[in-house]
Amino acid sequence: MSKLGDITKLIRSKNAGPFLITFDVLFEDTATYTRVRDSGALTAETFARMYRTPIGDVEFSTYEAGLAIKATIPRKISSGDIGDPDIYGGQLYGPLVDIEIP
């Protein structure tokens, strides 16, 4: 098994407007992208569970031509609002790095 952070080119999160966070997982090669995509370890359900978001609120897609997996979820607190821990959403990807990929 490998950790997602060890086999990706880039994992990032960022604002998608003040009310959404988007996550991008990018790969160097088709074999690794396919391995992760087909493993079932990184799915809409994974994002719903990790970020405590209803599954119906997770927009999840795979993009083979770009060797990318993407998810977008609602922010719990609007960007810049009182209590917002990350105004740009750039540190919210952290939990994804340790996902085990068979």
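Leaving aside neighbours within four places in sequence, which residues is Leu42 in contact with? They are Leu4, Val25, Val36, Phe47, Phe60, Ile69, Leu96 and Ile99, where contact means heavy atoms within 4.5 Å. The structure is a predicted model, in which local features need pLDDT of at least 70 and side-chain atom pairs count only at pLDDT 80 or more, while totals for chains, interfaces and linings use all residues. Residues are numbered from 1 along each chain as its sequence is written, and side-chain values use heavy atoms, with hydrogens and water left out.

Leu42 also belongs to the largest nonpolar core, which has 23 residues. A nonpolar core is a set of buried Ala, Val, Leu, Ile, Met, Phe, Trp, Tyr and Cys residues joined through side-chain atoms within 4.5 Å. Buried means under 20% relative accessible area, exposed over 50%, and partly exposed in between (1.4 Å probe, protein chains only). Leu4, Phe27, Val36, Leu42, Phe47 and Leu96 have the most contacts inside the core. Two or more core residues come from each of helix 1 (4–7), strand 3 (20–26), helix 2 (30–39), helix 3 (44–50) and strand 5 (68–74). Helices (H or I, at least four residues) and strands (E, at least two) are DSSP runs, numbered from the N terminus.

The structure holds seven salt bridges. Each is a side-chain nitrogen of Lys or Arg within 4 Å of a carboxyl oxygen of Asp or Glu. One of them joins Asp98 and Lys3 at 3.6 Å, N to O. This pair links distant parts of the chain, 95 residues apart: Asp98 lies in the loop between strand 5 and strand 6 (100–101), Lys3 in strand 1 (residues 2–3). Asp98 is partly exposed at 47% relative accessibility. Lys3 is partly exposed at 33%.

A second bridge pairs Lys14 with Asp24 at 4.0 Å, N to O. Lys14 sits in strand 2 (residues 10–15) and Asp24 in strand 3, 10 residues apart. Lys14 is partly exposed at 35% relative accessibility, whereas Asp24 is buried at 7%. Salt bridges link Arg12, Lys14, Asp24 and Lys70 in a network. Asp38 and Arg37 form another bridge, with the closest N and O atoms 2.9 Å apart. Asp38 is exposed, with a relative accessible area of 52%. Arg37 is partly exposed at 29% relative accessibility.
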